[in-house]
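Let us walk through this structure together, from the whole fold down to a few single residues. Keep the 3D view open as you read.

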Amino acid sequence: MSFKIDRGLFKYDFIDHHAVLCVPVDADVKEIRKRYLKIARRLHPDSSFTKSAAQKQLGNDLLSKLVNPAYEKLCGDRTRVEYTMILSQIGKRLVQESTSLTLDTDLARQLADASNVDHFYKSAIAKIGETQYDSLEQALQVIAQISELNLVYLMRSAGKSSAAPPPSAQPKVQSGTPQSNTAKNTPPAPAPPKEDSAVEQYVRRAQSLIDKNQFAQAKVELQDALKLEPKNSRCHSLIAMVYLRQNQLKMAKIHFDNALKLDPNDETALQWKPKIDKALGQQPSEHKVTSSPNNRDKQPDKSGSDGLFGGLFGGKKK
C-alpha cells in the first residue's frame, strides 16, 4: 500500500517526518525516540490495539513505510542535519509565498494568527499526539493536519527571524549641482551605525537561543550562517557546542576540527576538542597554538564524564 498526503509540507514534495511522528520541528533526539517507541507499540501487528487482520496489515504498513523511515531520518546525525537545513529553507520560501498560501484547517488558521506562536503550536502538537493513531483509517488525515501546523510554524518562525527595520531614506544629491552657502556650512550628518552582517545576525540569534537551551533552533541559525560563510571559525565552534549540548559528540568533533583548521587559537575548540577525543576513545589531536596569555595555562579537564559537560557557557544553569 502506498500513502499519499497532499497537504501541509507534503504538497511541496517534501516528506514531513515530524508530522508522521507528531513531534515539534525542534524536537530533540530523546523526545523523538520516546515518541517513536510509543507509536511502534501501537502499530505493531502483535499489539492489542489492532484486532482485525485488515487493521494489523494497515498498522504494519504505516509502521514500515512511514513511521520507521521518519525515525531513521530524524535520529541519524547526518540525515537530521540535512533535513533541518531543508526545513529552514522551506520556512523562508513560505514567507515569500505567504500571500498565496491556503490553509485547510481551523487549527492552522488559529496558529497563523496566534500571538504566542510557540505555546499554541506545541500545545496543539501535544494534544493531537494523544490520539494520532487511535483510528488507523484516519491516520493520514491527522498527519496532514499536523503537517499544516508545521508549515505555519516554520513560516512564522522564518518571518520572525528575517524581520528587520527598513533602511533609512537617504537624500538624493544631484551630481554637479551647485550647493547654496547654507548647505556648504551645514556640518555633515554623522555616519549611520554599522549594521551587523547577515552572519553576525545569525550568530547573535543562535547565542540567544543557546542561552535559552533551545538548541535545535540555534543549530538552524548556525547552519544558515555557515551556508553564507563556510570558513567562519566562530560559527563552527559555536555549532560544535550545540552538538555537544545535545550529546552528539561525533558532530561536535567535526566542527571543532574545522574551527581549529580555520583558527588554531580558537579557545573554545582548544578547550573541548581533547575532551571529546577522550570521550570517543581517540588520541587527542595536536594543534599548533600561537602563544597568548589566554591559552598558555589551559589544562585539560580530568574530572571524568561529568566534566565533559560541566561549566558549559560560563556555568549557566538550565
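## What buried means here

A residue counts as buried when its relative accessible area is under 20%. C235 has a relative accessible area of 0%, so C235 is buried. C22 is buried as well, because its 5% also falls under that cut-off. As for sulfur pairs, the structure holds zero disulfides. A disulfide, after all, is a covalent bond between the sulfur atoms of two cysteines.

## The fold as a whole

Please keep in mind that this is a predicted model. The protein chain is built with 15 helices and zero strands. It has 318 residues, and 41% of them count as buried. Its accessible surface comes to about 18,800 Å², and carbon and sulfur atoms hold 51% of that area.

## Helix α4

Helix α4 covers residues 77-96, which makes 20 residues. From the first C-alpha to the last, α4 reaches 30 Å, close to the 28 Å expected at 1.5 Å a residue.

Which residues of α4 are buried? They are R80, V81, Y83, T84, L87, S88, I90, G91 and L94.

Leaving aside residues up to four places away in sequence, V67 touches V20, L21, Y36, I39, L43, L62 and Y133.

## Around helix α10

L222 is found in helix α10, which covers residues 215-228. L222 counts as buried, at 0% relative accessibility. Which residues does L222 touch, not counting those up to four places away in sequence? The set is V203, A206, C235, L238, I239 and V242. This brings us back to C235: L222 and C235 are 13 residues apart in sequence, and 6.2 Å apart in space from C-alpha to C-alpha.

E221 also has its place in helix α10. E221 has a relative accessible area of 11%, so this residue is buried too. The side chain of E221 makes a polar contact with the side chain of R205, at 3.1 Å.

## A buried aspartate

D277 is found in helix α13, residues 267-279. Is D277 buried or exposed? Its relative accessibility is 0%, and therefore D277 counts as buried.

Two lysines make polar contacts with D277. The side chain of K273 makes one with the side chain of D277 at 2.7 Å, and the side chain of K253 makes another at 3.3 Å.

Definitions and conventions
Residues numbered from 1 in each chain as written. Predicted model: local features only at pLDDT ≥ 70, side-chain atom pairs only at ≥ 80, totals over all residues. Heavy atoms only, no water. Disulfide = S-S within 2.5 Å. Buried < 20%, exposed > 50% of the residue type's maximum accessible area, 1.4 Å probe, protein only. Helix = DSSP H or I, 4+ residues; strand = E, 2+ residues; numbered from the N terminus. Areas by Shrake-Rupley, 256 points an atom, 1.4 Å probe, with all protein chains shown as cover. Expected span 1.5 Å × (residues − 1). Contact = heavy atoms within 4.5 Å. Polar contact = N/O pair within 3.5 Å; in protein donor to acceptor, adjacent residues only side chain to side chain.
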